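Please read it with the structure open.

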Amino acid sequence: QSFFTETSTYSPVRESFNAKAGLDYYWTPRITVGVLWMGVYSSSDNHSPERTTIDAGSGALDSITTAENSKHDYTSNQHVNLNFNQTFRRPGATLSADADYISYQARSSQLFLNNNYDSLGLLRSIDNETAALPSGIRIYTAKTDYTLPLKPKLRLETGAKYSRVNSDNTADYNYLPADYPRADTLTPDYSKTNHFLYSEQIDAAYISLSREGRRLSVQGGLRLESTLSKGHQLGNAEKPDSSFARRYTDLFPTAFVAYNLDSAGHDNLKLSYGRRINRPN
C-alpha cells in the first residue's frame, strides 16, 4: 500500500579521560589502611540528520519528513574508597572494612528539528523541540566482614553493610518557535517535562558457617536485609505531584552441600538452596 524510505547519517564524536590514585599504609605488620580515588570524565557530540519519504503503492510521492537532530552529553563519575584490613594471630582470621562514596553527574542537551512536507514540497507541519536532561546520582556504602576459623576445617563468617542511593533526574522539554533560530521564545512541553527524586537505603547483616571435609563439605548462612525506598515525581502545570514510600524486611537463607564420590575429587554431588533479591542497576 505504501513505501517507507529513510536515510540517516550518524556522526558521533566522543572524548574521555580517566584517572586513578591510591595509597596503602602498613600501620603494623597485621594492619593495613588505604585510600583510593578514581575519576572518569567524558563528553560526546552527535549530529544525525534524517530524511524520510513515503510513497503511495503506485510509486507516487506522498510526503517527506526531514529531521535535524543533535545531542551533546557530558558525564562525570568520581569514586572514593577508604579500606581497612587486619589479620590476627590465629591463621585465617581476618577483619576488613570499606567505605565508599560515588558521585555520578550527567548533563545532556538535545535539539530536534522536524519538518513535514507534502508531495509538492509545501510545509505541512513543524515539530521542533529542545531537551535538557541533567541527572545526578550519589551512592554511600559502608561494610565490614569478619572471618574466624573455629577449627582446622570449620569457619565462621559474619558482617554488616549499609548503603544509600540518592538520585535526582530532570527532563526539561521546550517547544521551539516556527521561525527558529531567528526567535528565541520557548514554550514548555509539559507532556514530556518531569522531575523525579528517588532514595533507597539498605541495611543488611549476615552470618555463615562452613565445614570442609575430605569427602563432605557443608555451608549454611542467613542474611537479614531491611530496605526503605522513597520516590517523588514532581508535578508541573499539567500534571500533579505523586510520591511513594516502601519499607520491607526480608530473610535470605542459603545452604550448600558437596560430596566427593572419589578421593581425587573428580566426581562429586552438589546440592544448594538460596533465596535472593535482584534490584534494577
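The points below cover the basis of the model, its salt bridges and a surface patch.

1. Basis. This is a predicted model, in which local features need pLDDT of at least 70 and side-chain atom pairs count only at pLDDT 80 or more, while totals for chains, interfaces and linings use all residues. Residues are numbered from 1 along each chain as its sequence is written, and side-chain values use heavy atoms, with hydrogens and water left out.

2. Salt bridges overall. Side chains of opposite charge can pair when their charged atoms come close. The structure holds six salt bridges. The criterion is a side-chain nitrogen of Lys or Arg within 4 Å of a carboxyl oxygen of Asp or Glu.

3. Asp-73 and Lys-71. Asp-73 counts as buried, at 18% relative accessibility. Lys-71 is partly exposed, at 36%. The classes are: buried, under 20% relative accessible area; exposed, over 50%; partly exposed, in between (1.4 Å probe, protein chains only).

4. Lys-192 and Asp-189. Here the N to O distance is 3.0 Å. Asp-189 is buried, with a relative accessible area of 2%. Its partner Lys-192 is partly exposed, at 38%.

5. Arg-275 and Asp-250. The side chains form a salt bridge at 3.8 Å, N to O. This pair links distant parts of the chain: Arg-275 sits in the segment after β13, Asp-250 in strand β12, 25 residues apart. Strands are DSSP runs of E, at least two residues, and are numbered from the N terminus. Both partners are partly exposed: Arg-275 has a relative accessible area of 36%, and Asp-250 has 22%.

6. Nonpolar patch. Which residues form the nonpolar patch on the surface? They are Leu-216, Val-218, Val-257, Tyr-259, Leu-261, Leu-269 and Leu-271, with about 620 Å² of accessible area together. β11 (216–234), β12 (242–260) and β13 (268–274) each give two or more residues to it. Patch members have over 30% relative accessible area and no salt bridge; nonpolar side chains (Val, Leu, Ile, Met, Phe, Trp, Tyr) are joined within 5 Å, like charges within 9 Å. Accessible areas come from the Shrake-Rupley method with a 1.4 Å probe, and for residues only the protein chains shown count as cover.

7. Leu-271. This patch residue lies in strand β13. Leu-271 is exposed, with a relative accessible area of 62%.

Definitions and conventions: Helix = DSSP H or I, 4+ residues; strand = E, 2+ residues; numbered from the N terminus.
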